[in-house]
Amino acid sequence: MPSALILGFDPHAVPGMDGDAMRAVLDEELARFGAHAIDASLTLITPDESAESMVVAALSERDWDVVVIGGGIRKPEPLLTFFEQVVNLVRQHAPGAAIAFNTSVGDSVEAAKRWL
């Protein structure tokens, strides 16, 4: 069974976001991976000093076939340096994994399937 790691921001750490509602959407998307016979794991991070260790730990759990980096990490221009850090961590700690990008929470499965 192919494997996918989804990296995204913890919705409870995003100001102005309904963290519980967004977490429910994330859980629904994670369930969709199972329906597509993809073993998926979700790691939610905050853009602070804990991010690097959390990303490295998730990347080191196993050999991932694809890593999906969520739009919250890569889209806001002020987070460009953080996005670069995440991409380079994937490159360093999961060199065999493809890297995919979703356009929203609801198409992470499709983003992963492009590379599986």
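Colleague: Is Arg62 buried, partly exposed or exposed?

Modeller: In this predicted model, Arg62 is partly exposed, with a relative accessible area of 33%.

Colleague: Which residue does the side chain of Arg62 meet in a salt bridge?

Modeller: The partner is Asp39, at 2.5 Å from N to O. The two residues link distant parts of the chain, 23 residues apart: Arg62 lies in the loop between H2 and S3, and Asp39 in strand S2, residues 39-45. Asp39 also counts as partly exposed, at 31% relative accessibility.

Colleague: How many salt bridges does a search of the whole structure find?

Modeller: The search finds 4 salt bridges. Within it, the closest N and O atoms of Glu29 and Arg32 are 2.8 Å apart.

Colleague: Where do Glu29 and Arg32 lie?

Modeller: Both are in helix H1, 3 residues apart, or about one turn of the helix.

Colleague: And is Glu29 buried or exposed?

Modeller: Glu29 has a relative accessible area of 6%, which is under 20%, so Glu29 counts as buried. Arg32, by contrast, is partly exposed at 28%.

Colleague: Which residue forms a salt bridge with Asp27?

Modeller: That is Arg23, with 2.9 Å from N to O. This pair also lies in helix H1, which covers residues 19-35, and its members are 4 residues apart. Asp27 is partly exposed with a relative accessible area of 36%, and Arg23 is partly exposed with 32%.

Colleague: Why can such side chains pair at all?

Modeller: Side chains of opposite charge can pair when their charged atoms come close.

Colleague: Let us turn to the sheet. In what order do the strands come?

Modeller: The order is S2-S1-S3-S4, and these 4 strands form an open sheet with parallel pairing. S2 and S4 (98-101) are the edge strands, each pairing on one side only. From one strand to the next, the twist averages 20°.

Colleague: How many bridges join S3 to S4?

Modeller: There are 4 bridges between these parallel strands. As an example, Val66 has Ala98 in S4 as its bridge partner.

Colleague: Which strands does H2 touch?

Modeller: H2 packs on the sheet and touches S1, S2 and S3, and its direction makes about 170° with that of S2. H4 packs on the sheet as well, touching S1, S2, S3 and S4, with its direction at about 175° to that of S3.

Colleague: What does Leu59 touch?

Modeller: Not counting residues up to four places away in sequence, Leu59 touches Leu5, Trp64, Val67, Leu89, Val90, His93 and Ala94.

Technical notes. Residues numbered from 1 in each chain as written. Predicted model: local features only at pLDDT ≥ 70, side-chain atom pairs only at ≥ 80, totals over all residues. Heavy atoms only, no water. Contact = heavy atoms within 4.5 Å. Buried < 20%, exposed > 50% of the residue type's maximum accessible area, 1.4 Å probe, protein only. Pairing = 2+ DSSP bridges. Axes fitted to C-alpha atoms, helices over the stretch in contact; angles between N-to-C directions.
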